[in-house]
Amino acid sequence: MQRRRFLKLTALMLTLGWLAGCSSPQYLQPTPERTATVPHIGQGQAVTVSVVDGRDSPQIGTRSGNAMSTSVITVEAEPLMPKLQAEAERALRDMGFQPTREAAQGRPRLTLTLQRLAYGSGQSQPLIDEARLESVLVAKAENDGATYTGTYTSRRTQGYAVRPGFEANTNMVAELLSDGLNRVFKDPELGHFLAR
């Protein structure tokens, strides 16, 4: 009898702990990394590069998919933008340019804007839920009075039986943003525009 009460109490505590974990907010600090090979087309030209946050809010969604949920997922700009800036500069160096943050008249300029970062949920099969992520990066290049703009959308759908935790969500967002960076800097038109 006492064993049965102990098992019920243990099950109740585990359930409450699981529910509390699902309802708590998450503040993610992903570290995206450009992994794609980029074309080496620069000749050492200086390019002014800046990365900006164009989102309406740092909140990217909720773990439950319910807008009224307390399980809010947040990616603040302060830790993320410097990481995207560093990756953009590294990509430009690998392409043969000299990235700088200083603007100068007549110098090519690249502005990379994080336009959207979203985390939602869906249901794919019975007992299997989905995390649906999307990012949109907009690259605006200016050179010799002309402008080139590219929009790069990355999407990821991840099925799960147990709702992803902090580490899994951090990794998924980092991989999503990494894919976006790869798309930007693999764009041959962007590189040729900056090099001309």
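Guide: Asp94 is partly exposed, with a relative accessible area of 35%; here buried means under 20%, exposed over 50%, and partly exposed in between (1.4 Å probe, protein chains only). The model is predicted, so to speak of local features requires pLDDT of at least 70 and side-chain atom pairs count only at pLDDT 80 or more, while totals for chains, interfaces and linings use all residues. Residues are numbered from 1 along each chain as its sequence is written, and side-chain values use heavy atoms, with hydrogens and water left out.

The partner of Asp94 is Arg34: the two form a salt bridge whose closest N and O atoms are 2.4 Å apart. The term denotes a side-chain nitrogen of Lys or Arg within 4 Å of a carboxyl oxygen of Asp or Glu. By this rule, the count comes to 10 salt bridges. Because Arg34 belongs to the loop between strand S1 (26-27) and strand S2 (46-53), whereas Asp94 belongs to helix H2 (residues 77-94), the pair ties together parts that are 60 residues apart in sequence. Helices (H or I, at least four residues) and strands (E, at least two) are DSSP runs, numbered from the N terminus. Arg34 itself is buried, its relative accessible area being 6%.

A second salt bridge joins the side chains of Glu134 and Arg116, at 2.5 Å from N to O. It links distant parts of the chain, since Glu134 lies in strand S7 (residues 128-143) and Arg116 in strand S6 (residues 109-125), 18 residues apart. Glu134 counts as buried at 16% relative accessibility, whereas Arg116 is partly exposed, with a relative accessible area of 41%. Apart from neighbours within four places in sequence, Glu134 is in contact (heavy atoms within 4.5 Å) with Arg116, Leu117, Ala118, Thr153, Ser154, Arg155 and Leu176.

Arg132 counts as partly exposed at 43% relative accessibility, and Glu130 as buried at 13%. Elsewhere, salt bridges that share partners join Arg34, Glu87, Arg90 and Asp94 into one network.

Two packed helices are described by the angle between their axes and the distance between the axes. H2 and H3 pack at an angle of about 35 degrees, with their axes 11 Å apart. From H2, the contact involves Leu80, Leu84, Glu87, Ala88, Ala91 and Leu92; from H3, Leu177, Leu181 and Phe185. These residues divide into eight nonpolar, no polar and one charged. For such counts, Ala, Val, Leu, Ile, Met, Phe, Trp, Tyr, Cys and Pro are nonpolar, Asp, Glu, Lys and Arg charged, and the others, Gly among them, polar. The axes are lines fitted to C-alpha atoms, for helices over the stretch in contact, and angles run from 0 to 180 degrees between N-to-C directions.

Helix H3 (residues 166-186) also holds Asn169, which is buried, with a relative accessible area of 0%. Not counting residues up to four places away in sequence, Asn169 touches Gln26, Leu28, Arg63, Ile73, Tyr119 and Pro164. Of these, Arg63 is 106 residues from Asn169 in sequence, with the C-alpha atoms 9.2 Å apart in space.
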